[in-house]
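Here is a short briefing to read alongside the model. Keep the sequence and the 3D view open as you go.

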Amino acid sequence: MDALFVSCWSGRRVGGPRGRTCGRVRMSIDFRRVAERVDEYRVNIENRKVGADVERVLELYDGYRASVTELTAIRTKKNENSAQMKKIKTMTQEEKDACIKEGKALKEQSQVLEDKTRELEAELNAEGSKLPNLTHPDVPVGEEANATVLRVVGEKREFDFPIRSHLDLGLDLDMFDFENAAIVTGQKFYYLRNAGALLELALINWAMSIAASRGFTPMTTPDLAREGMVQGCGFQPRGPESQVYRVDETDLCLVGTAEIPLAGYYAGKILDKEALPIKMAAFSHCFRQEVGGAGSAVRGLYRVHQFSKVELFVIATEDQSDEIHQELRAMEEEMFESLGLHFKTLDMPTEDLGNPAYRKFDIEAWMPARGESGSYGEISSASNCTDYQSRRLNIRYREGKGDNKFAHTLNGTACAVPRMIVAILENNQQEDGSIVVPEVLRPYLGGMDVIRPSPRKKEVLKS
């Protein structure tokens, strides 16, 4: 076992096609880097306000290294004893007995040390996985209110009639149904109907078309992933604060973002450096428990348990990742500007960064009926995770012969459908309750330029 890069298997052994092993990837955390930059890690943990203990990690690391050293010495003695046993025919009976006795003792000691080392390794990786990524020097320190505004696009629309919420507008237009969804599935689920369903499909096709034109490989992904893949991306599938839905009696989870299956697509692989960056865009359903979400600011479609999303995911070299992060931000800004939205781009502060993110840009669109008097709501983000995910999923690229480096991963939201619908309905509403369709979406809606109320047929006589 390597004392510098501690590795463990993440996930369970599950038999796959033709007896292959599935769902297991080798996680490699650089604990030597942690030890060398311990002060930086202490400050980083404090700035992010996360539940990690770098002192405990280093204590376990020292114990693990000592155990490995001791185990190596025992194995050396075992090899020497094995060599002696080959000469057993030339030994006296006393020498034979001593050699056999020593061999048995060394075997027992070796087994005890192997068990101890495995336990230390597992605990070390468990504690090490709680450490957040290091943070970009330009990231502001503190809570969400400390975010740096990088850009503001457009202006708030002035209305000369009472503003209505997306919920009221959509219900009147028969675009969605929360009542029947609550009966079928539960609260925070919904049906999209009529123009609502068509608008979702239009947004997905619009976003995927733009991504494909920018060199992203269009993909659809599984809605389930193994726990090891979820953990490898930096999400916690278990625990009181987990937002993840798990499938009982399996190691499968419903994914909260296509980032998880897209990252898993290259887990355990060594990539050709010349092929990087690899850019992917995937449509998927996303599932999140959203524990604790309540209030007028999150009513309707703003915070739900299931939604559709187009996710951008990039695997790059260390030298490429910062530039690609800015490219993702610019691409998202261009897309939302083309929809006519008023929004601001934020460089998010330390306390708002998830463990994997080195730096994260959020885009918040103005939603005139959100909350009591309108507010900005997040519609997109773009994160540079550097090598945080690739170390946990073992995604590497070949720099040269015998020199494999961990890749950098980045992700961005091209289109989170429900929140896009919120922004479009509230900003494009007319006095008569109709909705002007953004021009860029009209080709994906068969030329529809306005969503208007239509007479409803009575379907249910009794319920």
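Which residues do ring pairs link into a cluster? They are Phe 176, Phe 178 and Tyr 190. This is a predicted model, in which local features need pLDDT of at least 70 and side-chain atom pairs count only at pLDDT 80 or more, while totals for chains, interfaces and linings use all residues. Residues are numbered from 1 along each chain as its sequence is written, and side-chain values use heavy atoms, with hydrogens and water left out.

**Aromatic rings**

- Rings of Phe, Tyr and Trp (its six-membered ring) pair if their centres lie within 6.5 Å; planes under 30 degrees apart count as stacked, over 60 as edge-to-face and the rest as tilted.
- By this rule the count comes to 7 aromatic pairs.
- One of them joins Phe 159 and Phe 161 edge-to-face, at 5.5 Å centre to centre and 85° between the planes.
- Phe 159 and Phe 161 are both buried (under 20% relative accessible area, with exposed over 50% and partly exposed in between; 1.4 Å probe, protein chains only).
- Phe 178 and Tyr 190 make a tilted pair, because their ring centres are 6.1 Å apart and their planes stand at 45°.
- Phe 178 is in the loop between β6 (176–177) and α6 (179–184), and Tyr 190 is in the loop between α6 and β7 (191–192), so this pair ties together parts 12 residues apart in sequence.
- Helices (H or I, at least four residues) and strands (E, at least two) are DSSP runs, numbered from the N terminus.
- Tyr 190 counts as buried, at 17% relative accessibility.

**Nonpolar cores**

- A nonpolar core is a set of buried Ala, Val, Leu, Ile, Met, Phe, Trp, Tyr and Cys residues joined through side-chain atoms within 4.5 Å.
- The largest one has 59 residues, and Leu 203 and Phe 336 touch the most other members.
- Helix α7 (residues 195–213) gives this core its largest share, 10 residues.
- Beyond neighbours within four places in sequence, Leu 203 is in contact (heavy atoms within 4.5 Å) with residues including Cys 415, Val 417 and Leu 441.
- A second, separate core of 25 residues has Met 219, Tyr 266, Met 280 and Ile 315 among its members.

**Strand β20**

- In strand β20 (residues 408–416), 9 of its 9 residues are buried.
- Strands pair if DSSP finds at least two bridges between them.
- Strand β14 (residues 306–316) runs antiparallel to β20, joined by 8 bridges, and Val 310 has Cys 415 as its bridge partner in β20.
- Strand β17 (residues 375–384) is also antiparallel to β20, with 3 bridges.
- Ser 383 stands opposite Asn 411 in β20.
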